Amino acid sequence: MNTVADVLIALVALIHVYIVVLEMALWKKPRGRAVFGTTEEYAEQTAVLAANQGLYNGFLVAALVVALVADGDVGYAFSVFSTACVVVAGVYGGFTVSRRILFVQAGPALAALVAVLIAG
């Protein structure tokens, strides 16, 4: 079950790397605007906010990477904490921004968290 948990944590980390790129580098580009359904004008006005949000997602990636590389209790603690944070962020975003976030962000993180807890 540790392997399943690690694969799911890696998947969550990769999803968040993509989100970081979208929010920090592609926010004003056609790809970023298409993903988030924004206009060119809105993207221009909110680029600094999106980059800030991307930075926070980058911190989630860092915690998920620590979860994957740390051993023992530290790895377990980072696994539980980081996946739980992503679940909370995904649920909040799912109810306040778009239901799609529940499936893209919260769902995979919840699966990873459950796998981590089962693996113990």
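What is the secondary structure content of residues 102-119, and how far apart do the end C-alpha atoms lie? The span is 100% helix and 0% strand, and its end C-alpha atoms lie 24 Å apart. The model is predicted, with pLDDT of at least 70 required for local features and pLDDT 80 or more for side-chain atom pairs, while totals for chains, interfaces and linings use all residues. Residues are numbered from 1 along each chain as its sequence is written, and side-chain values use heavy atoms, with hydrogens and water left out.

Residues 102-119 belong to the UniProt annotation "transmembrane region", which in this unreviewed entry also covers residues 6-26, 47-70 and 76-95. Such annotations are given in the numbering used here, with shortened feature names, and may be inferred rather than shown by experiment. For residues 47-70, the end C-alpha atoms are 34 Å apart, and the span is 96% helix and 0% strand. Helices (H or I, at least four residues) and strands (E, at least two) are DSSP runs, numbered from the N terminus.

The largest nonpolar core has 13 residues, of which Ile-9, Val-12, Leu-64, Val-86 and Ala-109 touch the most other members. Such a core is a set of buried Ala, Val, Leu, Ile, Met, Phe, Trp, Tyr and Cys residues joined through side-chain atoms within 4.5 Å. Two or more residues each come from helices H1 (2-24), H3 (40-69), H4 (72-96) and H5 (100-119). Leaving aside residues up to four places away in sequence, Ile-9 is in contact (heavy atoms within 4.5 Å) with Leu-64, Ala-67, Leu-68, Ser-79, Thr-83, Ala-112 and Val-116.

Phe-81 is located in helix H4. This residue counts as exposed because its relative accessible area is 54%, where buried means under 20%, exposed over 50% and partly exposed in between (1.4 Å probe, protein chains only). Between Phe-81 and Ala-112 the C-alpha to C-alpha distance is 11 Å, at a sequence separation of 31 residues.

A nonpolar surface patch consists of Met-24, Leu-55, Tyr-56 and Phe-59, with about 450 Å² of accessible area together. Patch residues have over 30% relative accessible area and no salt bridge; like charges are joined within 9 Å, and nonpolar side chains (Val, Leu, Ile, Met, Phe, Trp, Tyr) within 5 Å. Areas follow the Shrake-Rupley method with a 1.4 Å probe, and for residues only the protein chains shown count as cover. Helix H3 gives the most to the patch, with three residues. Leu-55, in helix H3, is partly exposed at 42% relative accessibility.

The structure holds one salt bridge, defined as a side-chain nitrogen of Lys or Arg within 4 Å of a carboxyl oxygen of Asp or Glu. It joins Lys-28 and Glu-44 at 3.6 Å, N to O. The pair, 16 residues apart, links Lys-28 in the loop between H1 and helix H2 (30-36) to Glu-44 in helix H3. Lys-28 is partly exposed, at 41% relative accessibility.
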